[in-house]
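My entries are kept in the order in which I made them.

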Amino acid sequence: MSGLKNYKNILFPLFLWVSSCAVYTHPTTLDERSLRAAEDKKSLFDNQEKVDKPITLYEAIARAVKYNSQQKVALMEQAVAYDIAETATLDLLPEIAADGGFSHRSRQLAISADAVDKNQQTLPDSYIEDKNIRNAQLQIVYNVLDFGISYVNARQLSDKRFISEEIRRKSIQQIVHDVRTIFWKAAAGQRIEHDLNLLIAAVQNELKQYDYPYNRNEQKTIEQLKNQRQLLTALNRLMGLRSDISDAKSELADLMNLPPLVDFSLDIPADMDHPEIIKNFGQVDLEYFALVNRPELRIADYEARIAAQQAKKELLRMFPGIEFGAGVNYNSNSFLKNKSWADAGIGITWNLMNLFSRPKAIKLAENQKELERWKRLSITMAVISQVNVSLLQLIQAAEVFEVCNSLDDVNQKLWEKEFELLPRPYQKKHDLILLAVERLSSQIKRDFAFAEYKGAQSYLFVALGVDPLPEFIANASVASLAKTLENNLSKNAPSGFKEVAYDQKSFAKAKSYVFEKKHLDVLSANQRYSLDNSSDNLNKKLNKKQIIPMINKTDKMPVSLIPVKKNKSSSTKAADDFFFLQISSFEKLNDAQNYWDKLVKSYPMLANYSPIFKEVNVNGKNRFRTFIAGVKRNLKQVCSSAAEELKSCLIFNKKQL
């Protein structure tokens, strides 16, 4: 009992000590999570070039490649794989172990000896070691088997480094495809955004006469109900279009890693109005090009090499390990005759169980190598199918666009003729609205079809494995990356694909169909004013001969205002109420257009107006003046709102111009 009691006296303090050493953590606090969220959000958008001008297609791709978080992850994974491969080569070096220390004994070490056959002490008690000892040694050990296995490991990790590079290539190819696809859809939405908002406001205003959205149960005539249904259907259609284009722009902003709610505009390429549809690429072996360049197949090549190296590694483990060792030693014990010395040796270790277990491991490695071969064959078949399917989809998308483009041309002509035939004043304004909705829908369908065609082009490039950016420099500017991307897409494409590689106007007419230029604006100035609810008086006064011509933003040649023909009818006097406000005057047309875009961003109310650019001669020099047209009351309101920018308010009538 006394012994058990003694054990309790020992174990109880020990238990308390162990309990006191237990480690506990606490949940993260709200302050910690808030700080983490703020830091992550800040670092996510830090050090990005600001958006200070309309973004071109290749600048959008460059921003996605440089700033997209998924791209940063792929790039970091590649860097880690390179570091791991370099670290693996250090395992080929021999082991060098340095050891040293100090020891102290309370009583000095001593020995004695007795004779074996006689109980007689043959060696008196003798000290053999000091109380305080200092020792040190340096040993070099080299195992031949470990060297062989480390060499194979290093080769495998080197191949994994190349796999990470191919993963990065595939990631860049995919994000370039995503941006090229969504950019054209966002550009299509930007082209109709102003007219779309104008139409939505016009429909909502027209619905007010039906007390929408209130008093829906009020008794109405069949004609009123039909008119209301048509307007509500049109409104639903317009809101669906607005949702589509806003989603496209948001998705593009996300790909470029722009902060939420950042306002930006796109520099719409000339391809939108000068579409070049390519359907015949000549005799190009696309399948061979894809089989050589696709990242998936390159990864399969490296996986096969890794599997082959694994078989060699399992074979090496069957052999004994031969170990060479050498070293220098020191001991401060005063009883030693030689306090420092060197030693060397050789040893052999062999796990005989490997003779029974390794053959199965070798067979497994061989099967793995065969599995990788069949995987590669499976990927090869998938790549061949993707190339042929993507080429077929490109041809079909081209045909769909041709139909949509032709249909839009017909709808545009019908819209112009039907607009001219509408009676003045508009007794049924909803007829004009419904016609405008059809015109807008036709335009966006045409542009969306073009976006699908460009997306099919991009998907074909992904299927072929075209490398848009073989070497990525993290600190390169967006502009330099954009230029590199534009050059590489053509240079790295297969023969005959230069026209497809460039997302810009091409002059290789032999293999393509070039469509006539379309107007950038869906609605003309007269048509916009007719739909604008704030210009009802003007709508009653304008006729066909008083439509004001505009310069398209994609036009390169300056176009002066066409004089309005005089009409001696009663409408001439009414047209005198149509005034012009001078916005700016520049030596170059591009400067005038860029200034207009800047004003629209600063003063959204200007989005309801169409700019009119007029070339004039001032003291022997050509200048381009920008005007907007409207009733005098509305133009004065513009002057008042934008007084800080415009400085002066110059309003002219038709005769003064």
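The entries below cover the basis of the model, then the sheet, a hairpin, the helices and a cavity.

**Basis.** I worked from a predicted model, in which local features need pLDDT of at least 70 and side-chain atom pairs count only at pLDDT 80 or more, while totals for chains, interfaces and linings use all residues. Residues are numbered from 1 along each chain as its sequence is written, and side-chain values use heavy atoms, with hydrogens and water left out. I took helices (H or I, at least four residues) and strands (E, at least two) as DSSP runs, numbered from the N terminus.

**Sheet.** I looked up the strand order and found an open sheet of four strands, S1-S4-S6-S7, with antiparallel pairing. Strands S1 (95-104) and S7 (340-349) stand at the edges with a single partner strand each, so one side of each has no neighbour in the sheet. Direction ignored, neighbouring strands of this sheet are turned by 20 degrees against each other on average. I counted two strands as paired if DSSP finds at least two bridges between them. S6 (residues 321-331) is joined to S7 by 10 bridges, and the bridge partner of Tyr-330 in S7 is Ser-340.

**Hairpin.** I then turned to strands S10 (residues 612-618) and S11 (residues 621-631), which run antiparallel and are joined by seven bridges. Val-618 stands opposite Lys-621 in S11. Two residues lie between the strands of this hairpin, and Asn-619 takes a positive phi near 55 degrees.

**Helices.** I described each pair by the angle between the axes and the distance between them. Axes are lines fitted to C-alpha atoms, for helices over the stretch in contact, and angles run from 0 to 180 degrees between N-to-C directions. Helix H9 (residues 354-421) packs on helix H10 (residues 429-464) at about 160 degrees, with the axes 8 Å apart. The crossing of H9 with H10 is left-handed, meaning that the near helix is turned anticlockwise from the far one by less than a right angle; clockwise is right-handed. Helix H7 (residues 286-293) packs on H9 at about 130 degrees, with the axes 10 Å apart. That makes H7 oblique to H9, and the crossing is right-handed.

**Cavity.** I searched the whole structure and noted four cavities of 30 Å³ or more. A cavity is a set of points, on a 1 Å grid over the protein atoms alone, where a 1.4 Å probe fits but cannot get out; lining residues have an atom within 4 Å of a point. The second largest cavity holds about 60 Å³ of space, a volume being the space filled by probe spheres set on the points. Its lining includes His-177, Arg-180, Phe-461 and Leu-489. The largest share of that lining, four residues, comes from H5.

Terms used
On a 1 Å grid over the protein atoms alone, a cavity is a set of points where a 1.4 Å probe fits but cannot get out, and a pocket is an open set with protein on both sides within 12 Å along at least five of seven lines; lining residues have an atom within 4 Å of a point. Angles under 35 degrees count as roughly parallel, over 145 as roughly antiparallel, 65 to 115 as roughly perpendicular and the rest as oblique.
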